[in-house]
Amino acid sequence: MSVRMPCVRRKRPSLFTAGAASLALLTTACGGSGGSSAAPKEFSYLSVTENTTVKTALTSMSGGACKAANEALPLKVETVPQASLDQKLQLLAGQDALPVQFAAGNAPALTQQLARSGKVADLEKELKELGVYDQLEPGAVSTIKALYGGKLEVLPYEYNVEGIFYNKKLFRENGLKTPATWDELVSAAAKLQDGGVQPFTASGQQGWPLTRLISGYLYRSLGPDALKAVADGKAKLTDPEYVKAAEEIAGLGRKGYFGKGVGSIDYDTAMNQFLNGKAAMFYMGSWALANISDEKQNKVGAENVGFMPFPAVSGGAGAIDQYPSNVGLGITLAAKSFDGKTGDWVSCITKNYGSTALKDHGSISGFKVNTEVMDANDVTTQVRKTISESQRNVLWFEALFSTKATTVSQTNAAGLVTGSMKPEAFMQTVQDALTAK
Amino acid sequence: MHRVLGDRRAIAILLGPALLVYSLIMLVPIVWSLGYSFTQGNTIEGFTGNGGANFSRLFDDPAVRDALWFTLRYAALVTVGQIVAGYLLALLYVFFLKKSSGLIRTLAFFPVVLPTVAVGLLFQKFFQVAPQTGPVNSLLNAVGLDSIDFFGSAGSAFWVLILMDIWRSMGFYAVLLFAGLVDIPDEVLESARLDGASGLRLIRHIVLPLSLPVLMSSLIFSINGTLKVFDSVVALTNGGPGSGTTPLTLYMFQTSFTYSDYGYGSTIALLLTVVCLLVSLAVYRVSRRDLSES
């Protein structure tokens, strides 16, 4: 008797959610004809629990620079864990109940889906009408457009470049210069390893810090359009010149340069290993400056941390001044609720967020910094200079991938460097996920 | 009473509400999900019919094959492990510890009470190699062996998962089977002993046949639970490394909610239902035959 029941029951969560979602879809479809452009009563903002910077900065602005906008339309922040963000957005979008401002999904693919169905405001048009389009850094705008199919679909609450942070003290002690080419980087790693220092630290649990190295190698060897060609179907990850990149990164793992058990290292552990001087190099985005500038976390001292671009590959088509850049978790505004009061908030944010975030959190955004802020340390200055001088932006490995290919790539990355997955097999698996539709 | 139950309207009024609720929250979503199997899309973009494409994809998808194989292997091993370990514990309680088994019973039952996530974290720390060397690897090092990155390959992660789930649930099956063993009449055991049966022979010829019904219900419980394993995998390995420890349930969840492909997710769910149904029917059939024999 109780034989079949539990079986059905296991299925129930998915069935039930799917049922509820479709029921919601049905109701909205029925009620859709009435038109639902009701003016928002508050500046609701859906964010992820992990990101505290935007939330805190907006809250402090609501009592300061944006007080007037806040009185007309009070800020209300709601958060969900990042892992359940996509699911939440799908449900809210299905019910036509998206907040005024929201984190627009973990991958650009979802944001574009929302935009195609008319849920996302045309930010370029709105910002130009508000006369604040020039408050956005041109570099940030071009990064967003490269990510979101040529449209400005999110606001640059963060603007990051990525590269390798290194421990200057450990480099000095081992008689090393900043490596400018891939071969120099590999020999520096060998020297560090011989000197009893773990050359790299990376979170294999997150996976992306490892796949970033693959894309780094690809951009340097094949040029800045290497992954665009894959996305457009002009090249395949299984082509020998692409597999070569995976082989190089797997080689670092084979020699033990990432330390033991890289698959179990989480984001915070990797960060701690670097900030405690246990590893010499750490591939990361400029958002790590917040941790580097924090004396409580950084035991090696900010003065001992340097930043270098991903090194050049000899004979490669890419240049060392092309940096991978991103705008963090995309944050956008709903089309439905974009009215005058929301516009007041948005123009206030574009004018003031840049300096507030830099001053309070050491976080670099893609908004102009209108009140000059003193940099906390040299490495911050160096990164800001890099951002303003960067000649051309490139995107990261998974930037143009589907959600499925992104997950497949990031969950298999640790296997690539621990040797449980051959480079060809890794590239094949990711390519399969890309072409599966 | 008989008059009330003889009245059709009364039956309708009594059963109606429950039936309605049941239909709304169970039957409708099941049928709905079945319908989704023939579509592609999600709640943002809407759903479009795509005929039997999901089903042909199901048969071609190597990930489904891997997940199904993993699920079956996992279910078989954990079911056997749970029941054997539980049965041995129950025998220990009844024949060896006798009246003083209370403390051991409580200790063995303790993991059942713990939340799965806590057990998952515990085993992660237990078997970890980095950032700190865990107790198991320390032990290996102490006897002169190299550390093993247990979660670095699908093979070793699988065995840690099996071990964890047997440890986690053997106390439950021990109590279940204990209840069955206690029910065996003392006179039967007594007379068997007088006839010269002792030790293994007593268990083989008297205890095992007499506790077969409760063993069978444990088997049904266990196989149904393990085919649908989800929480312990998510807590321990989250399906990794790569997709090395991904069961059908997790693949279904990822497909529907992470890759927002509700249609294909429903198709995988259907496959899981069919597998559950077949296995349950098989076990049910075997158990019925055995019960009638005994």
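Q: How many residues of chain A are in contact with chain B, and how many of chain B with chain A?
A: This is a predicted model, where local features need pLDDT of at least 70, side-chain atom pairs count only at pLDDT 80 or more, and totals for chains, interfaces and linings use all residues. Residues are numbered from 1 along each chain as its sequence is written, with chains lettered from A and ligands numbered from 1 in the order in which they are written. As for the contact, 41 residues of chain A meet 45 residues of chain B, a contact being two C-beta atoms, placed from the backbone, within 7 Å.

Q: Which helix gives the most to the side of chain A that touches chain B?
A: H1(A), with 13 residues. Helices that each supply at least two residues there include H1 (4-31), H13 (267-275) and H17 (403-418) of chain A. Helices here are DSSP runs (H or I, at least four residues) and strands are E runs of at least two, numbered from the N terminus.

Q: And how does that side of chain A divide by class?
A: It has 14 nonpolar, 21 polar and six charged residues. Nonpolar covers Ala, Val, Leu, Ile, Met, Phe, Trp, Tyr, Cys and Pro, charged covers Asp, Glu, Lys and Arg, and the others, Gly among them, are polar.

Q: Switching topic, what domains does chain A have?
A: Domain 1 is 38-159 + 327-393 and domain 2 is 162-325 + 401-435, with bounds from an automatic or database domain assignment. Their C-alpha centres are 28 Å apart.

Q: What does each domain of chain A put into the contact between them?
A: Domain 1 of chain A brings 22 residues and domain 2 of chain A brings 19. On the domain 1 side, H16(A) gives the most, with six residues. That side of domain 1 of chain A has seven nonpolar, 12 polar and three charged residues.

Q: What about the domains in chain B?
A: Domain 1 is 2-36 and domain 2 is 53-293, and the C-alpha centres of these two chain B domains lie 35 Å apart.

Q: Which residues of chain B does UniProt list for "domain: ABC transmembrane type-1"?
A: Residues 68-283, in an unreviewed entry; such annotations may be inferred rather than shown by experiment. Over that stretch of chain B, the chain is 77% helix and 0% strand.

Q: Why does H5(B) lie largely in the open?
A: Because the number of buried residues among its 12 is one, where buried takes 20 or more other C-beta atoms within 10 Å of the residue's own, exposed 12 or fewer, and partly exposed in between, with C-beta atoms placed from the backbone.
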